[in-house]
Amino acid sequence: MIEFKNVSKVYENGSVALDDVCLNIHDGEFVLVCGHSGAGKSTLFKLLTHEVVPDSGSVIVDEYEVTKMRRSRIPKLRRKLGVVFQDFRLLPNKTVAENIAFALEVIEEKPKVIKEKVAHVLELVGLTDKANDLPEDLSGGEQQRVAIARAIVNRPTVLIADEPTGNLDPTTSKDIVDLFKHINDFGTTVVMITHNMDIVTYLNKRVIELKDGRIQSDNMRGAEFNEA
Ligand SMILES: Nc1ncnc2c1ncn2[C@@H]1O[C@H](COP(=O)(O)OP(=O)(O)OP(=O)(O)O)[C@@H](O)[C@H]1O
Ligand SMILES: [Mg+2]
């Protein structure tokens, strides 16, 4: 579960990024976060990963109170969260398989397990035949699939994505969104930031709209989870 309790964040230059935000996201939900440029979407994302700390309020991810965590525990938190960005952020000198394997090497997974897990996620994202290619030899959509594979290979409970389709054409974007849906179907909570209203309409999921750092609307499709 993800919970924001009265979270506010003002950057050093005085920009109010989030202003008293409260929200709950239940396990297994698929939530879209939208809103105009500067609304606070990426700040919300960075609060989850502890890249940004709030001025007040608390952010909770499962058993972790992110805001009060000791630095030494941040790697444990990050293992719960798979992260995907607009610009893919792949390592250019590593192959597709090596990029994904790297996420497991840093947590000292056994080579045999790494091999199995990499093969499994490559199949899931449909890139088995590109395993030995370098990122530069792939299309944008394929690169984003690699980034998604890397994000989920550790089986995070939550997959968070900041404008994952921002650099992709509409058809490729739809494929990527379908992949997120597929991952959500396996039980992973998905929080996806998007500007794209076509995606919002296509997905027909819970939408949290931020405006000037506050929640402007939340259609609370998540309420269904309370009743279940
Ligand atoms: N590192 C920073 N230092 C100072 N101000 C910042 C910083 N990061 C963001 N801001 C400001 O905080 C506000 C919210 O920014 P944020 O990046 O969260 O918005 P966003 O909704 O992700 O926008 P976009 O759609 O353009 O990505 C903006 O006014 C922005 O200028
Ligand atoms: Mg942003």
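In the predicted model, the buried residues of helix H1 are Lys41, Thr43, Leu44, Phe45, Leu47, Leu48 and Thr49. Helix H1 spans residues 41-49, and seven of its nine residues are buried, so the helix is largely enclosed by the rest of the structure. Buried here means under 20% relative accessible area. His50 follows H1 and has a positive phi, near 70°.

Strand E6 gives the most, with four residues. By class, the lining of the largest pocket holds 12 nonpolar, four polar and five charged residues.

The second largest pocket has a volume of about 290 Å³. Helix H4 gives the most to its lining, with four residues. Among the lining residues are Lys117, His120, Val121 and Leu124. Others in the lining include Ile152, Val153, Arg155 and Pro156. Ile183, Phe186 and Thr188 also line this pocket. The lining divides into seven nonpolar, two polar and two charged residues.

The surface was examined next. Leu91, Phe102 and Val106 form a nonpolar patch there. Together these three residues have about 240 Å² of accessible area. Val106 sits in the loop between helix H3 (96-105) and helix H4 (111-124). Its relative accessibility is 55%, so Val106 counts as exposed, the cut-off being over 50%.

Backbone angles complete the picture. Most residues other than glycine have a negative phi. Glu163 is not a glycine, yet its phi is positive, about 50°. This residue lies in the loop between strand E7 (158-162) and helix H6 (170-185). Despite its place in a loop, Glu163 is buried, because its relative accessible area is 10%. Asp212 also has a positive phi, near 45°, and is a residue other than glycine. Asp212 is found in the loop between strand E9 (206-211) and strand E10 (214-218).

Key:
Residues are numbered from 1 along each chain as its sequence is written. Chains are lettered from A and ligands numbered from 1 in the order in which they are written. This is a predicted model: local features need pLDDT of at least 70, side-chain atom pairs count only at pLDDT 80 or more; totals for chains, interfaces and linings use all residues. Side-chain values use heavy atoms; hydrogens and water are left out. Patches are made of residues with over 30% relative accessible area and no salt bridge: like charges are joined within 9 Å, nonpolar side chains (Val, Leu, Ile, Met, Phe, Trp, Tyr) within 5 Å. Accessible areas come from the Shrake-Rupley method with a 1.4 Å probe; for residues, only the protein chains shown count as cover. A salt bridge is a side-chain nitrogen of Lys or Arg within 4 Å of a carboxyl oxygen of Asp or Glu. Helices (H or I, at least four residues) and strands (E, at least two) are DSSP runs, numbered from the N terminus. Buried means under 20% relative accessible area, exposed over 50%, partly exposed in between (1.4 Å probe, protein chains only). Ala, Val, Leu, Ile, Met, Phe, Trp, Tyr, Cys and Pro count as nonpolar, Asp, Glu, Lys and Arg as charged, and the others, Gly among them, as polar. On a 1 Å grid over the protein atoms alone, a cavity is a set of points where a 1.4 Å probe fits but cannot get out, and a pocket is an open set with protein on both sides within 12 Å along at least five of seven lines; lining residues have an atom within 4 Å of a point. Grid points are joined across faces, edges and corners, and a volume is the space filled by probe spheres set on the points.
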